[in-house]
Amino acid sequence: NAVHLAEKYDAELVLMHVFNVPSGLSRLFSDVSEDEIRKRAQAHIEEYAAKLREKTSVTISTLVKHHSRPEVAIVETAKDINSGLIIFGTKGGSGLRDTLLGSAVNYVIRHTPCPVVTIRNKPEYSGFKQILLPMDLAQESGEKLGWGVQLAKKFGATLYIHGVVSGSAHDQMRLQ
């Protein structure tokens, strides 16, 4: 899905994996070193990138980083490489892992200087035919409207704007 977006925007795709080395008691029961984890992660992400490169002309690079808080590493890297967009995959579940992923996504959304897109774990999208854009009176709504219009144009999609306001009649008229 990220490849489709990179193709539409003529962008480089950077695949990133952040790992954390076991600490505390769990470190006592693990004989895997940071270097070994890094090598395995690098081999896996390079293999995945090679498969993607066979399907597209998009430039694809990889990054593997060690950090105790992956969400912090993502934000730092986005700033370092001047990223224009961050794409997260989601599973859409409700377990502990999804709660933790959700908190990582929320951290990244709040702290990164660029837009963040989440894409559900489904087969590849061939594009977007309908885009829903919830709007309220916040400044961010105006900012995301530009992105929504741009995405709709790039994919030849219909943009549906859904006004969401709870407040006075004056606020409702402003949104309209």
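Predicted model: local features only at pLDDT ≥ 70, side-chain atom pairs only at ≥ 80, totals over all residues.
Close-up A. The neighbour to look for is strand β4, residues 116-120, which pairs with β3 in the parallel sense over 5 bridges. Where in β4 is the bridge partner of Thr90? Look for Arg120, which takes that place.

**Close-up B. Helix α1 and the residue that follows.** Helix α1 spans residues 2-9, and its buried residues are Val3, Leu5 and Ala6. Looking down the axis of α1, you will find these buried residues within an arc of 160°, so they line one face of the helix. After α1 comes Asp10, and here the backbone is worth a glance: the phi of Asp10 is positive, near 50°.

Close-up C. Let us start with Glu47 and Lys51, whose side chains meet in a salt bridge at 3.6 Å, N to O. Both residues belong to helix α3 (residues 34-53) and lie 4 residues apart, about one turn of the helix. Glu47 is partly exposed, at 45% relative accessibility, and Lys51 is also partly exposed, with a value of 47%. The other salt bridge in this view joins the side chains of Glu46 and Arg53, at 3.9 Å from N to O. Glu46 counts as partly exposed at 32% relative accessibility, as does Arg53 at 34%.

**Close-up D. The salt bridge of Glu71 and Arg69.** The closest N and O atoms of Glu71 and Arg69 are 3.0 Å apart in this salt bridge. Which of its ends is buried, and which is partly exposed? Glu71 is buried, because its relative accessible area of 14% falls under the 20% cut-off. Arg69, in contrast, is partly exposed at 39% relative accessibility.

**Close-up E. The aromatic pair of Phe128 and Phe155.** The structure holds 1 aromatic pair, formed by Phe128 and Phe155 in an edge-to-face arrangement. As a reminder for reading this view, a pair of aromatic rings is described by the distance of the centres and the angle of the planes. For Phe128 and Phe155, those values are 4.8 Å centre to centre and 80° between the planes. Phe128 sits in the loop between β4 and β5 (130-135) and Phe155 in helix α6 (residues 139-155), so the pair ties together parts that are 27 residues apart in sequence. Phe128 is partly exposed, with a relative accessible area of 25%, whereas Phe155 is buried at 8%.

**Close-up F. Lysine charges over aromatic rings.** Stay with Phe155 for a moment: the charged end of Lys8 sits over the ring of Phe155, 5.3 Å from the ring centre. Which ring has the charged end of Lys154 over it? The ring is that of Tyr9, with the charged end of Lys154 lying 4.8 Å from its centre.

Terms used: Residues numbered from 1 in each chain as written. Heavy atoms only, no water. Buried < 20%, exposed > 50% of the residue type's maximum accessible area, 1.4 Å probe, protein only. Helix = DSSP H or I, 4+ residues; strand = E, 2+ residues; numbered from the N terminus. Arc of directions from axis to C-beta. Pairing = 2+ DSSP bridges. Salt bridge = Lys/Arg side-chain N within 4 Å of Asp/Glu carboxyl O. Phe/Tyr/Trp six-rings, centres within 6.5 Å; stacked < 30°, edge-to-face > 60°. Lys NZ or Arg CZ within 6 Å of the ring centre and 35° of its normal.
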